[in-house]
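Please look at the structure first.

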Amino acid sequence: MPYRHNLDQTRHQPVRMPNDGAWQRRAMALAFLSLLFRRDHPSSEAFSTDLGRRQQRPRRPNNNARNSYHKKRAAASTLPTLRTASVSAETETATSAIISEAALSLQPEIDVDESQIRRRIDEYSTVILGARLMVGKNDDELCEGYLVQKPEGDYEARFSGGREVDMDRFLSVFHKVVLQYLYMEYDLYERERDERSGVRYSSRLRALVDDSLGEGVGLSGQLDDIGFSHSSKNLRDSLDIDLTKYVPFLNQFAFRHRGTEQGDTSLLVLEMLSKRRVAFDFLDVGEQQCTNVSLEGQRTVVSRQKEILPSPVIDEVMGIVEEIKSRQWLSTNPDSVDGLPSLHLNLITDGKPLFDEADHNGDAITFAQCISKMVAILRPHLYGHLLPSVRELTNSSTVEISDVFIRNYGKMERLADQDDSATRYGLSAHYDVTASSTCVVTLDSSAATGRNGLYTILPTPGVGATSHTALRKFFPLQRGDGVVHTFNVLHGVDVDPKLDRSRTSLIVWFTDGNSEVKNISQPWLLNPTDDVTEFVLGLASES
């Protein structure tokens, strides 16, 4: 089996090792790099008491993810960011050179004084944290930053200092300030989650950098390049930084400053960025939908469809789902993405209902009876309302419904003889290979605030497709709403294990037979014009 690695995935996949011993040599090189990360510094103990306390906060639990569908659909997969290969002598020499260069480029410690204060500076503003860097006795190298609380959940990160402050020194102060905000933002999310009131608690941070700061070394232009430019609105959220630029840079910064206080702080910032749950903003492209988005030159659809299913229909379907769950009839076949139990229900496969109506005659409750009843309830809404909408969105009259199934995530009420394997909390980022388009309809309110459920990760400028957790955007969906997206949209599912309730969704896969080439199962993948389509085509060829 091919090895597929995903940065977001908490469960390791099996991997074939080459038989020529190259992987042992690579492992030794990686082990040496890990030693560089563990380099001790006398000042590493100089962290503030609060920062040390923050470091001891419990990590986010591993996703107890299990899922699967039919074997025929085993084509959905994660991004291949690492593949094993034989290492030639030339490669080993190059690796040694890289290691030597990395060892020689270790960065010096940058000391930042940090203090948590609460001092009102005017009628509407209160300083809650200050961070200050002073290098030598020259005021031109001074840099200081303050986290200021404003009314209605707004915060400002204000920075000022001398003309000679370079990028590394500025970011050492910036990360101290932004880390405190990220802790506060996450605490606010936990309050929202635990209250279960359906009310979204939001905050916003605005970074204000004095024009004279680093003027002598061109700091302003450098900050623009990594996402601080206020003229850029690319995937901007409440953090007011273009994370598609900043996160790749932050990964490099953390590696370059490994083993130092500023390196450790940047890793904490990455950790907290990855724990954020940010809502996808449909208003970036349109009130109801964003369509025809150009991702690496490929026409892409991401569209919100409101009230696909009315509330009485959902109540009836969920009543049947609960009956199936109580009888432990959810499928536990291995999922194609992570190989774990899928906890799903097939309703329609290859355009045909799983059971004929004649299969459930009689008064006894059977699995076939439950499935057929749900198909009968959903059919008018899927074929009479949803299918015409998807044909219009994709500008194709040949789109048809291929598969319909129900998925369950999050906490489930378990019977006495069930164990923890009866639940799952997520599905790693992947592409839908056997569907030209997909619609995900939420059957509950778990995704209403855009904190849980279905998410997407759009390509990063200059990097392309990435599965970095810090770039997730969750789709805010009310009960009965859905999202339609094309095959080239990277997406996944994540439900907070502490949400204390389940998430149930209806998934509809569409195929498009609009092609002059016959006997091709996925004609929409022919003649790829971008990297993502080529990648998906490769996955389809494997399956």
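Q: Is R276 buried or exposed?
A: This is a predicted model, in which local features need pLDDT of at least 70, side-chain atom pairs count only at pLDDT 80 or more, and totals for chains, interfaces and linings use all residues. Residues are numbered from 1 along each chain as its sequence is written, and side-chain values use heavy atoms, with hydrogens and water left out. Buried means under 20% relative accessible area, exposed over 50% and partly exposed in between, with a 1.4 Å probe and protein chains only. R276 has a relative accessible area of 7%, so R276 is buried.

Q: Where does R276 lie, and which residues does R276 touch?
A: Helices (H or I, at least four residues) and strands (E, at least two) are DSSP runs, numbered from the N terminus. On that numbering, R276 lies in the loop between α7 (261–275) and β6 (289–295). Contact means heavy atoms within 4.5 Å. Leaving out residues up to four places away in sequence, R276 touches L182, E185, D237, S238, L239, L243 and R472.

Q: How is α4 oriented relative to α6?
A: Axes are lines fitted to C-alpha atoms, for helices over the stretch in contact, and angles run from 0 to 180 degrees between N-to-C directions. Helix α4 (residues 167–195) and helix α6 (residues 243–256) have axes 12 Å apart and pack at an angle of about 105°. Angles under 35 degrees count as roughly parallel, over 145 as roughly antiparallel, 65 to 115 as roughly perpendicular and the rest as oblique. The angle therefore makes α4 and α6 roughly perpendicular.

Q: Which residues make the contact of α4 with α6, and how many of them are nonpolar?
A: From α4 come M167, D168, L171, F174 and H175, and from α6 come Y246, F249, L250, F253 and R256. Ala, Val, Leu, Ile, Met, Phe, Trp, Tyr, Cys and Pro count as nonpolar, Asp, Glu, Lys and Arg as charged, and the others, Gly among them, as polar. By class, one residue is polar, two are charged and the nonpolar ones number seven.

Q: How is α8 oriented relative to α9?
A: The axes of α8 (residues 311–326) and α9 (residues 367–394) come within 10 Å and cross at roughly 160°. That angle is why α8 is roughly antiparallel to α9.

Q: Which residues of α9 meet α8?
A: On the α8 side are V313, E316, V317, I320, V321 and I324. By class, the contact of α8 with α9 has ten nonpolar, one polar and two charged residues. The α9 residues are C370, I371, K373, M374, I377, L378 and H381.

Q: How many disulfides does the count come to?
A: A disulfide is counted when a pair of cysteine sulfur atoms lies within 2.5 Å. C370 is buried at 6% relative accessible area, and C439 is buried at 0%. By the distance rule, the number of disulfides is zero.

Q: What is the phi of E307?
A: E307 sits in the loop between β7 (298–305) and α8. With a relative accessible area of 63%, E307 is exposed. Its phi is positive in a residue other than glycine, near 55°.

Q: What is the phi of D500?
A: D500 is in the loop between β16 (491–494) and β17 (502–512). At 38% relative accessibility, D500 counts as partly exposed. D500 is not a glycine, yet its phi is positive, at about 65°.
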